[in-house]
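Subject: A structure for you to look at

Hello,

I am passing a structure on to you, with some notes on what turned up in it. Please have a look at the model first and then read on.

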Amino acid sequence: FWLGPESTDEHSDWLIRRIVQFPAKPVRFYLSYGNFENEDDIVLPNQRFATALRRRGYTVCLTETPGYHTFLDWRLALEPALKAQLPYRDGLASC
């Protein structure tokens, strides 16, 4: 979430700046990061992005999972991510 079209390694939060420029849409977000991830590159940008989305009125599910940024970890996170996108039941999100 921190890299943008500038093609730089600096943490620019480019996507966060873009989100605030447009009207909010009726969508929900599921964000996940591994608890062994690099805090500066993965954890904090996810947290900042979730905060920015919530401030714009989006529903956001942000979870920390055991693991890293690998295909195996993504595979394990797929089921809860899909469930979080299902319609609400009994007024509660599945996050």
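In which sense do strand 1 and strand 2 pair, and over how many bridges? The two strands run parallel to each other, paired over seven bridges; two strands count as paired if DSSP finds at least two bridges between them.

Before going further, a word on the model: it is predicted, so local features need pLDDT of at least 70 and side-chain atom pairs count only at pLDDT 80 or more, while totals for chains, interfaces and linings use all residues. Residues are numbered from 1 along each chain as its sequence is written, and side-chain values use heavy atoms, with hydrogens and water left out.

**The overall layout**

The protein chain has three helices and two strands, arranged along the sequence as α-β-α-β-α. Helices (H or I, at least four residues) and strands (E, at least two) are DSSP runs, numbered from the N terminus. Of the 95 residues in the protein chain, 28% are buried. Here buried means under 20% relative accessible area, exposed means over 50%, and partly exposed is in between, using a 1.4 Å probe and protein chains only.

Taking contacts in the protein chain with a separation of 6 or more, 65% are between residues 24 or more positions apart. A contact means heavy atoms within 4.5 Å.

Back to the strands for a moment. Y30 stands opposite C61 in strand 2, and G34 has T65 in strand 2 as its bridge partner. The chain gets from strand 1 to strand 2 by way of helix 2, and this β-α-β crossover is right-handed. That term applies if, with the strands pointing away from the viewer, the path from the first strand over the helix to the second runs clockwise.

**Helix 2 and its surroundings**

Helix 2 covers residues 39–55, which is 17 residues. From first C-alpha to last it reaches 22 Å, close to the 24 Å expected at 1.5 Å a residue; the expected span is 1.5 Å times one less than the number of residues. Its buried residues are I42, V43, P45, N46, F49, A50, A52 and L53. They pack against helix 1 (14–19), strand 1 (28–34) and strand 2 (59–65). Just after helix 2 comes G57, with a positive phi of about 100 degrees.

**The core**

Which residues make up the largest nonpolar core? There are nine: I16, I19, L31, F49, A50, A52, L53, Y58 and V60. Helix 1 and helix 2 each give at least two residues to this core, and the largest share, four residues, comes from helix 2. A nonpolar core is a set of buried Ala, Val, Leu, Ile, Met, Phe, Trp, Tyr and Cys residues joined through side-chain atoms within 4.5 Å.

L53, in helix 2, is buried with a relative accessible area of 0%. Leaving out neighbours within four places in sequence, L53 is in contact with I19, F29, L31, Y58 and V60. The C-alpha atoms of L53 and I16 are 8.0 Å apart, although 37 residues separate the two along the chain. V60 touches F29, L31, A50, L53 and R54, again not counting residues up to four places away in sequence.

**The aromatic rings**

How many aromatic pairs does a search of the whole structure find? It finds three. Rings of Phe, Tyr and Trp (its six-membered ring) pair if their centres lie within 6.5 Å, and planes under 30 degrees apart count as stacked, over 60 as edge-to-face and the rest as tilted.

The rings of F29 and F49 are edge-to-face because their planes stand at 85 degrees, with the centres 6.3 Å apart. This pair links distant parts of the chain, 20 residues apart, with F29 in strand 1 and F49 in helix 2. F29 is partly exposed at 23% relative accessible area, whereas F49 is buried at 3%.

F29 also forms an edge-to-face pair with Y58, at 5.1 Å centre to centre and 90 degrees between the planes. Y58 lies in the loop between helix 2 and strand 2 and F29 in strand 1, so this pair ties together parts that are 29 residues apart in sequence. Y58 is buried, with 11% relative accessibility.

Best wishes
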